[in-house]
Amino acid sequence: MNDATRGTGGPGDGTRAVRAGLPEPVKHEPTLPGPVFAAHFHLPGDPTGPYTYGRDENPTWTLLERAIGELEAPERDDVETLVFASGMAAISAVLFSQLRAGDAVVLPDDGYQALPLVRAQLEAYGIEVRTAPTGGDAQLEVLDGAKLLWIETPSNPGLDVCDVRRLAEAAHARGALVAVDNTLATPLGQRPLELGADFAVASGTKQLTGHGDVLLGYVTGRDAEAMSAVRRWRKITGAIPGPMEAWLAHRSIATLQLRVERQNATAMRLAEALRERPEVTDLRYPGLPDDPSHKIASQQMRRYGCVVSFTLPSRERADGFLEALRLVDDATSFGGVRSTAERRGRWGGDAVPEGFVRFSVGAEDPEDLIADVLRALDVTAG
């Protein structure tokens with residue numbers, strides 16, 4: 001898809017990423033100030049001003065939150081971003097700050113594997129949880145009377161895509177808020193708020209920071225009252241990132257466009273190569289023209305992501321394939337500069353075949369990576 005917002009007069013994604021959240025230049029000061037390590041701040045007199053106590057605010061968070069907001073909602077000053085200690089902290093903050101006993105929420109039944117744990121906790125608090133698949137906009141069928149619709153598109157790990165605009169319009173017509181998990185797409189792949197969502201939520205642990213060394217989450221929202229509740233939840237739970245993690249995340253965002261371009265382009269090439277292999281079934285990548293999600297993905301996504309999923313004939317074949325790879329780490333998570341892959345069935349919780357592989361494409365030379373994958377398939381063919 002195309003790289004920039006130049007059609008609307010804004011800068012390109014690369015320009016935006018390298019400058020996102022930077023403070024105004026001050027002579028002799030660094031362009032990106034270092035992390036501020038502070039549990040408290042000088043506070044004589046009345047407790048006014050932005051920084052009072054380290055659980056509430058931190059200057060390093062402020063710059064990062066500004067950067068993420070500029071990527072999720074460019075040229076808008078009516079949105080707020082809050083950063084959290086992890087993606088799950090961000091997810092929990094939206095769900096538990098917006099829902100009360102007696103409310104109903106709609107979740108995907110094919111989303112991130114921790115969602116069943118979330119469901120159990122929501123139900124323990126007297127909240128009705130309804131689920132439906134991501135594909136085919138099936139969540140529409142269980143939307144009536146819900147307080148919140150939770151969308152994950154593309155879904156993890158199956159890579160199904162739903163029509164965010166259609167679902168958001170239907171939800172709002174019924175009085176429901178809409179949150180979109182934007183982890184897999186990143187703000188350079190899609191912007192949920194522009195598609196009608198009230199919240200864009202993501203794990204910054206993945207491609208946003210991209211180096212596999214930071215746990216982080218964030219919520220960007222356009223409704224001040226709703227975001228005030230999210231902020232209050234963060235304060236109550238103390239689910240805050242450390243200043244070093246926040247600084248590392250901000251530093252990493254500068255290379256986001258470079259990493260995304262390389263990883264997404266290689267993911268497409270890998271998917272095309274895997275399509276030619278007879279032992280590979282259920283291949284999914286939204287960028288493939290014949291993928292079931294391609295039509296709607298091409299209408300709402302600017303880039304298709306770095307994750308490819310497929311199934312090998314058996315658990316043994318998948319395990320052998322992963323062991324034979326030389327340039328790919330057998331690890332969970334995705335979005336890092338080093339390619340990773342795993343057999344998702346080993347965790348339980350995902351409704352996938354035993355031979356199902358989630359493959360996260362890194363920043364290696366595409367020829368080297370694809371050759372390694374094809375070699376691993378060849379040596380395990382017997």
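Predicted model: local features only at pLDDT ≥ 70, side-chain atom pairs only at ≥ 80, totals over all residues.
**Entry 1: R191**

I looked up R191 first. I found it in the loop between β5 (177–181) and β6 (199–203). Is R191 buried or exposed? Its relative accessible area is 5%. Buried means under 20%, so R191 counts as buried. I then checked its side chain for a partner. The side chain of R191 makes a polar contact with the side chain of D13, at 3.5 Å.

**Entry 2: helix α4**

Next I went to α4, residues 115–124. Which residues of α4 are buried? I noted L115, V118 and L122. They cover an arc of only 55 degrees around the axis, so they sit on the same side of α4. I recalled a general point here. An α-helix has 3.6 residues a turn, so residues three or four places apart point the same way.

I then asked what the buried residues of α4 pack against. I listed α3 (87–98), β2 (104–108), β3 (128–132) and β4 (148–152). On the face turned away from the buried side, I found the exposed residues L117 and A124. Just after α4, I noted that G126 takes a positive phi of about 80 degrees.

**Entry 3: helices α10 and α11**

Last, I looked at α10 (residues 315–324) and α11 (residues 366–379). They pack at an angle of about 135 degrees, and their axes are 8 Å apart. That angle makes α10 oblique to α11. I recorded the crossing as right-handed. Which residues make the contact? From α10, I wrote down R317, F321 and A324. From α11, I wrote down V373, R375, A376, L377 and V379.

Conventions
Residues numbered from 1 in each chain as written. Heavy atoms only, no water. Helix = DSSP H or I, 4+ residues; strand = E, 2+ residues; numbered from the N terminus. Buried < 20%, exposed > 50% of the residue type's maximum accessible area, 1.4 Å probe, protein only. Polar contact = N/O pair within 3.5 Å; in protein donor to acceptor, adjacent residues only side chain to side chain. Arc of directions from axis to C-beta. Contact = heavy atoms within 4.5 Å. Axes fitted to C-alpha atoms, helices over the stretch in contact; angles between N-to-C directions. Parallel < 35°, antiparallel > 145°, perpendicular 65-115°, else oblique. Left-handed = near helix turned anticlockwise from the far one by under 90°.
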